[in-house]
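Student: I have a new structure to look at, and I would like to learn how to read it. Could we go through it together?

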Amino acid sequence: VIRRVRGELYLMFRVGELRRHSIIEATIRAYCLQHERYPKNGEGEHGIETTHFVTRHVGLYHPEETTQSHILMSVPQVIVHKLDIRSPLNPPSTWYDAIGEPHRLKSNDSRDLEVNTDDNGKADSWSNDEILAYMRDRDLELVVLVEGTDEITGS
């Protein structure tokens, strides 16, 4: 689910253990697999160049990765990723789809700027529908790894 909370966009999903034996001291890591598209820059060249299956790390807001937080897998846990400027899930201010059509972030007053801010200094952001269109165009997949120790075997 992508939600806007206090003006900021977040991706939220749940993980939980369905096996009979729980994972102890579980840690979560997430990666994004996607296609990246760039306009061809050669003389007389038109169209889009696509790099397939680019892997990017997805930093987690909760549980916080910098402290290597562990989660309790015996109950469902909400995992949160903030869609900020460092997020591979957040479209850049200009991106190109598979047919070469540019998509640009528009500011509230219809000016095209690299980074647009409102009166409170908040940057303009894509709508949920625009982010989903970007994710579909890039064939984006989110891979989530759960690591920990089995409570019975200890491995």
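Student: Let me start with one residue. Leaving aside its neighbours within four places in sequence, which residues is Ser 22 in contact with?

Tutor: Before we look, keep in mind that this is a predicted model. Ser 22 is in contact with Glu 17, Ser 74, Thr 149, Asp 150 and Glu 151, once neighbours within four places in sequence are set aside. Ser 22 sits in the loop between strand 2 and strand 3.

Student: Is Ser 22 buried or exposed, and why?

Tutor: Buried means under 20% relative accessible area. Ser 22 has 17% relative accessibility, so Ser 22 counts as buried. For the whole protein, 33% of the 155 residues count as buried.

Student: Let me step back. How many helices and strands does the protein have?

Tutor: The secondary structure comes to one helix and eight strands. Of the contacts with a separation of 6 or more, 62% are between residues 24 or more positions apart.

Student: How should I think about the core?

Tutor: The general idea is that nonpolar side chains tend to be buried together in soluble globular proteins. Here the largest nonpolar core has 24 residues, and those with the most contacts inside it are Val 15, Ile 71, Ile 79, Leu 89 and Ile 131. Strand 2 (8-15), strand 3 (23-39) and helix 1 (128-137) are the elements that give two or more residues to this core. Strand 3 gives the most, with five residues.

Student: Which residues does Leu 89 touch, not counting residues up to four places away in sequence?

Tutor: Leu 89 touches Leu 11, Cys 32, His 81, Leu 83, Ile 131, Tyr 134, Met 135 and Leu 140.

Student: And what about helix 1? Which residues is Asn 128 in contact with, leaving aside its neighbours within four places in sequence?

Tutor: Asn 128 has its place in helix 1 and is in contact with Ile 2, Arg 4 and Leu 9. With a relative accessible area of 29%, Asn 128 is partly exposed.

Student: How do I find a pocket?

Tutor: Rolling a probe the size of a water molecule over the atoms shows where empty space is left. The second largest pocket here has a volume of about 270 Å³. Among the residues that line this pocket are His 57, Tyr 61, Glu 64, His 81, Lys 82, Asp 84 and Arg 86. By class, the lining has two nonpolar, five polar and five charged residues.

Student: What about the backbone? Which residues does a cis peptide bond join?

Tutor: His 62 and Pro 63 are joined by a cis peptide bond, with omega of about -5°. Pro 63 lies in the loop between strand 4 (48-58) and strand 5 (77-82).

Student: Where is Glu 25, and what is its phi?

Tutor: Glu 25 is in strand 3. Phi of Glu 25 is near 50°, a positive value in a residue other than glycine. Glu 25 is exposed, with a relative accessible area of 53%. Asp 139 also has phi near 50°. Asp 139 lies in the loop between helix 1 and strand 8 (141-150), and with 46% relative accessibility Asp 139 counts as partly exposed.

Conventions
Residues numbered from 1 in each chain as written. Predicted model: local features only at pLDDT ≥ 70, side-chain atom pairs only at ≥ 80, totals over all residues. Heavy atoms only, no water. Core = buried A, V, L, I, M, F, W, Y, C linked by side-chain atoms within 4.5 Å. Buried < 20%, exposed > 50% of the residue type's maximum accessible area, 1.4 Å probe, protein only. Helix = DSSP H or I, 4+ residues; strand = E, 2+ residues; numbered from the N terminus. Contact = heavy atoms within 4.5 Å. 1 Å grid on protein atoms, 1.4 Å probe; cavity = no way out; pocket = protein on both sides within 12 Å on 5 of 7 lines; lining within 4 Å. Points joined across faces, edges and corners; volume = space filled by probe spheres on them. Nonpolar A, V, L, I, M, F, W, Y, C, P; charged D, E, K, R; others polar.
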